[in-house]
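Thanks for coming. I will talk through one structure, starting with a term we need and then going to the metal sites.

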Amino acid sequence: MKIRFADSRPSGDFALVLPVSGKNRIALDSLGADRSAVDAALKSQRFEGDSGSAAELFIPADGGVRRLIVVGTGDGTGPSEAAEKLGGALVGRLLTSGEKQAVLDLSGLNYDADSAARVALAAALRAWRYDRYRTKLKDKQKPTLTELTIVGAPADSAGIWEKRWKPVYEGVGLTRELVTEPANIIYPETFVERVQAAVKGSGLEVEVLDGAAMKKLGMGALLGVAQGSVRDGRLLILRWNGGKDGDAPVAFVGKGVTFDTGGISIKPAAGMEAMKWDMGGAGAVAGAMLALAKRKAKANIVAICGLVENMPDGNAQRPGDVVTSMSGQTIEVINTDAEGRLVLADAITYVQRNYKPKIVVDLATLTGAIVISLGHEFGGLFTPDDDLANQLLDASKSSGDKLWRQPMAESFDKLIDSPIADMKNVGPREGGSITAAQFIHRFVENGTRWAHLDIAGMAWSDKPNSTYDKGATGYGVRLIDRFVEASVEAR
Ligand code: BES
Ligand code: MN
Ligand code: ZN
């Protein structure tokens with residue numbers, strides 16, 4: 001779907017979208033003679049302009065009829081949040097409606113340029129879909145909306161959309177694509193290829209380690225997970241040097257388990273297909289890097305994707321195996337299904353040894369337990385660093401990728417001591433997301449500020465929202481983008 005900003009409504013056929021903010025119905029003044037009939041129709045639909053609500057009717061136009069969507073923007077929420085709900089709601093209504101063109105007239109709302117641009121962002125995000133394997137879609141199921149024209153927005157809205165938000169849309173698109181693709185298509189090697197193709201020309205530096213290279217570095221924790229699969233593991237490193245020369249980078253590390261069967265500690269059959277998106281952390285990190293590069297962020301950033309497939313073949317690691325991580329610490333693998341932390345351990349050691357980052361933030365679909373705690377409403381944030389926690393919470397609020405802080409403590413750390421090795425890879429069932437975070441914490445080296453985001457409940461959604469349809473959400477891209485803008489670039 002194409003998005004344009006224009007000075008006036010075009011001629012010809014289009015669906016008209018008018019936003020109404022609570023009792024403020026200025027937008028409807030432009031209806032002229034049709035106004036009273038529209039008011040009556042809204043009343044009979046019990047439309048009150050609440051945020052996220054919409055009413056649909058047809059009005060006379062040029063001897064025919066025109067579809068009119070009146071969208072409520074409420075009056076409680078902040079302008080940017082309301083703006084995104086508006087953009088998302090109108091696309092949700094019109095995408096497969098039969099309409100080809102939509103015109104949104106913002107004249108009635110006093111939106112600043114950024115809010116108007118965020119209407120465009122949400123509209124674009126909500127229109128994203130991946131129909132590559134759906135060869136028999138009925139005409140009625142296919143998207144029809146090809147263009148959205150936004151009028152009545154401040155003059156610099158178009159520039160803010162193009163320069164600030166379109167890159168974010170493109171980053172989210174890459175993440176969603178990687179997350180949506182099944183595991184026979186996207187595995188460590190092809191994940192790398194897909195990202196390389198997407199970032200070509202963006203200015204990102206790309207480096208790739210294969211299994212043999214990781215073996216030389218002593219990455220026994222990550223490789224222990226990979227060894228049960230015929231697919232070789234990969235470490236993908238993306239660098240963006242938009243900051244000052246010599247400024248220590250901020251690192252983002254993503255769990256990229258391209259399929260998680262559980263390994264020998266195999267998962268039950270029901271629902272296992274969901275584990276194709278167990279690379280959602282790596283997908284988010286890759287998409288965020290594309291966004292940061294496209295918007296030319298003034299920051300030095302390094303991203304690491306730890307890519308493996310967790311399978312149970314004759315060479316797979318067994319429960320009870322002891323592996324030696326790149327850090328030198330040994331791990332007793334009690335449960336081969338707690339594989340994400342093993343991958344992250346070596347990826348985090350690698351980034352600290354090679355790039356001396358001042359901050360490391362990892363993103364991982366790490367535990368089912370976080371979905372029990374926070375549902376699909378918040379990602380879990382774990383860090384001993386209060387300042388970093390607050391910066392990430394601020395970024396989560398302004399980006400819409402919601403986070404809720406969880407506790408960490410010495411007493412949880414003790415629960416992963418092992419009688420045979422330095423630690424074991426699981427604690428008791430209770431507090432399962434916290435012991436997972438404590439495990440990762442053991443690989444954070446002195447002085448590095450670190451946070452862990454458990455996004456198991458957020459990477460995929462079974463129901464649509466204002467910025468996504470059901471499926472891959474792209475969670476994490478906007479969070480990283482905003483965190484970098486507010487806490488790295490602003491310094
Ligand atoms: N990838 C899963 C976590 C997960 C579960 C993500 C559900 C999304 C939805 C992870 O590798 C895993 O299997 N974790 C185990 C850990 C346990 C064995 C300690 C879990 O949460 O059950
Ligand atoms: Mn697992
Ligand atoms: Zn997993």
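First the term: buried means under 20% relative accessible area, exposed over 50%, and partly exposed in between, with a 1.4 Å probe and protein chains only. By that rule D260 is buried, because its relative accessibility is 2%.

Some bookkeeping. This is a predicted model, where local features need pLDDT of at least 70, side-chain atom pairs count only at pLDDT 80 or more, and totals for chains, interfaces and linings use all residues. Residues are numbered from 1 along each chain as its sequence is written, chains are lettered from A and ligands numbered from 1 in the order in which they are written, and side-chain values use heavy atoms, with hydrogens and water left out.

Now the zinc ion (ligand 3). Its protein donors (N, O and S atoms within 2.8 Å of the metal, or 3.2 Å for Na, K and Ca; water is not among the atoms, so sites may look incomplete) are K255 (NZ), D260 (OD), D278 (OD) and E339 (OE), at 2.0 to 2.4 Å. Along the sequence they are spaced K-x4-D-x17-D-x60-E. D278 is also buried, because its relative accessibility is 2%.

Next, the manganese ion (ligand 2). D260 (OD), D337 (O), D337 (OD) and E339 (OE) are its protein donors, at 2.1 to 2.2 Å. Their spacing along the chain is D-x76-D-x1-E. D337 counts as partly exposed, because its relative accessibility is 22%.

How far apart are the manganese ion (ligand 2) and the zinc ion (ligand 3)? The distance is 3.2 Å, and D260 coordinates both.
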